[in-house]
Amino acid sequence: MAHTRDHSHSSKNLKAAFFINLFFTIFEFFGGIYVNSVSIVSDAVHDLGDSLSLGTAWYLQEKSKKEANSKFSFGYRRLSLLGALINSVVLIVGSIYVVSEAIQRIVQPESSDAKGMFIFALIGIAVNGYAAWKLSSGKTLNERVVSWHMLEDVLGWFAVLIVSIVLLFKDIPFLDPALSLLITAYILWNAQKRLRETLHLFLQGKPVNIDQAKIEQELVAVEHVDSVHHTHIWSLDGEHHVLTTHVKLKKINDVNLLLKIKGDLKEVVKKYHFEHYTIETEVDEENCGL
């Protein structure tokens, strides 16, 4: 039931963030034209990409809740990971677009309506800040990646707010794009880390918060266990993990003893709260088929 509630909460967060971002993008686009701010219009284009990625994330998060079947025996949870991968790429591409726009503004500076930018900045911080807050407590990698979309927008609007205040007193056109470059550099640094983390899990790399060596040591410490081999650990979506391992036993001459050892092995693995685990036991002279 806890997993169901987590997935439901995740979907609601993504749904809320999607509609907030979509409506604000439309508002931002027309507002940017009204105040003659290229930076706001370009941010609206960037937010449109965010809206598309949020919609994709929400859709894939909903699909990931489907139960396992004969076609997908582990269920559809990896769709959430796919959403995180797509959003990471969109975030990086969008950031590169912002960089190109900022450079163009430095080369060809333009004056904007400072008062209008100030008002839009306050609204932008409030709207995107709320969306980022909704996703900040998310447990899935999908939510964490999307939260960076929202954080990027919040930081971007802070830059607009600072610039608009400065422009109210002195016209310095290149200040806006210069701050945008600094913020985007920060976002790109974090986005590439998220992308690397997502690719690692997508390619079934071992989750970084799982100590495989420690688990194997605990399994070997169980009485009558000789060795452990072919241990594999991977993640379905960055939150729910899977383990399979082979355990070589020794001095097994009784079925009841075998059953007791199996129970002890399961108790070791249960402490790590795997979504699914398989423990293959091999007794005395039995050879591993792998």
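The stops below begin with the whole chain and then turn to single elements and residues.

**The whole chain**

Start with everything selected, and keep in mind that this is a predicted model. Colour the chain by secondary structure: the protein has eight helices and three strands. How do they follow each other along the sequence? The pattern reads α-α-α-α-α-α-α-β-β-α-β. Of the 290 residues of the protein, 43% count as buried. Among contacts with a separation of 6 or more, 75% are between residues 24 or more positions apart.

**Helices H3 and H6**

Next, select residues 78–107, which form helix H3, and residues 175–202, which form helix H6. Their axes come within 9 Å and cross at roughly 160°. An angle over 145 degrees counts as roughly antiparallel, and H3 and H6 are therefore roughly antiparallel to each other. The crossing of H3 and H6 is left-handed. Show the side chains where H3 and H6 meet: the residues of this contact divide into 22 nonpolar, six polar and four charged.

Now select the loop between helix H5 (141–169) and H6, where you will find phenylalanine 174. Isoleucine 172 lies in this loop between H5 and H6 too. Phenylalanine 174 counts as partly exposed because its relative accessibility is 48%. Isoleucine 172, with a relative accessible area of 22%, is also partly exposed.

Draw a distance from the C-alpha of phenylalanine 174 to that of valine 163: the two are eleven residues apart in sequence and 9.7 Å apart in space. Then do this for isoleucine 172 and proline 109. These two are 63 residues apart along the chain, and their C-alpha atoms are separated by 8.9 Å. Leaving out residues up to four places away in sequence, isoleucine 172 touches Val166 and Leu167.

**Threonine 25**

Go to helix H1 (residues 2–34) and select threonine 25. Is threonine 25 buried or exposed? Its relative accessibility is 5%, so threonine 25 counts as buried. Which residues does threonine 25 touch, if those up to four places away in sequence are not counted? They are Ala44, Asp47, Leu48 and Ser51.

**Threonine 231**

Move on to strand S1 (residues 225–235) and pick threonine 231. Threonine 231 has 11% relative accessibility and therefore counts as buried. Show its side chain together with that of glutamate 216: a polar contact of 2.9 Å joins the two.

**Two positive phi angles**

The last two selections concern the backbone. Select histidine 224, in the loop between helix H7 (212–220) and S1. Histidine 224 is not a glycine, yet it has a positive phi of about 75°.

Then select lysine 251, in the loop between strand S2 (241–249) and helix H8 (255–270). Lysine 251 has a positive phi as well, of about 55°, although it is not a glycine. Why does lysine 251 count as exposed? The reason is its relative accessibility of 63%, as exposed means over 50%.

Definitions and conventions:
Residues numbered from 1 in each chain as written. Predicted model: local features only at pLDDT ≥ 70, side-chain atom pairs only at ≥ 80, totals over all residues. Heavy atoms only, no water. Axes fitted to C-alpha atoms, helices over the stretch in contact; angles between N-to-C directions. Helix = DSSP H or I, 4+ residues; strand = E, 2+ residues; numbered from the N terminus. Parallel < 35°, antiparallel > 145°, perpendicular 65-115°, else oblique. Left-handed = near helix turned anticlockwise from the far one by under 90°. Nonpolar A, V, L, I, M, F, W, Y, C, P; charged D, E, K, R; others polar. Buried < 20%, exposed > 50% of the residue type's maximum accessible area, 1.4 Å probe, protein only. Polar contact = N/O pair within 3.5 Å; in protein donor to acceptor, adjacent residues only side chain to side chain. Contact = heavy atoms within 4.5 Å.
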